[in-house]
Amino acid sequence: MTPADDLASRHLGKAMRRTIAVMASISLAIGAVSTLVAVGYVMENSRHTQKFPPSSSGASPDQAIGACTNQACNYLILGSDSRSNLTKDEQANFGNNTDIGGSARSDVIM
């Protein structure tokens, strides 16, 4: 190896370390900013919790209350699959609880 090759190799190594250091710093900065934005978003939206009125307030159960009146809300909908209320003819066509693996199971999650 010639002295010129050794010098080029050292220069390339320094440039590579410098590039890695810069990329790591940028990644840390992006992570820190993303964390701050996420925490701010959660803190802002935690103030908009849905509160149900007491039953003596006279409000109807259908009345929209809380943040869901102004913005989108998330709901979990579960459906159950049971054949216990089917007639004998319907059970012959669609199966009974033994055929579906038990008396109640979830068949829909949205």
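Modeller: Let's start with leucine 86, which sits in the loop between strand 1 (78-81) and helix 2 (88-94). Helices (H or I, at least four residues) and strands (E, at least two) are DSSP runs, numbered from the N terminus. Before going on, a word on the source: this is a predicted model, where local features need pLDDT of at least 70, side-chain atom pairs count only at pLDDT 80 or more, and totals for chains, interfaces and linings use all residues. Residues are numbered from 1 along each chain as its sequence is written, and side-chain values use heavy atoms, with hydrogens and water left out.

Leucine 86 counts as partly exposed because its relative accessibility is 26%; buried means under 20% relative accessible area, exposed over 50%, and partly exposed in between (1.4 Å probe, protein chains only). Leaving aside residues up to four places away in sequence, leucine 86 touches Gln91, Phe94 and Gly95, where a contact means heavy atoms within 4.5 Å. Asparagine 96 is ten residues along the chain from leucine 86, and their C-alpha atoms are 8.2 Å apart.

Now for another spot, isoleucine 109, which belongs to strand 2. Isoleucine 109 is exposed, because its relative accessible area is 62%. With residues up to four places away in sequence set aside, isoleucine 109 touches Leu76, Ile77 and Leu78. Isoleucine 77 lies 32 residues from isoleucine 109 along the chain, yet 5.8 Å separates their C-alpha atoms. A bit of caution here: strand 2 (residues 105-109) has the lowest mean pLDDT among the elements, 66, while helix 1 has the highest, 85. That score is the predictor's confidence in each residue, from 0 to 100.

Zooming out, the protein chain has three helices and two strands, in the order α-β-α-α-β along the sequence. Among contacts between residues at least 6 apart in sequence, 41% join residues at least 24 apart. As for confidence, the chain averages a pLDDT of 75, and 61% of the residues score at least 70.

One last stop is methionine 23, placed in helix 1 (residues 3-46).
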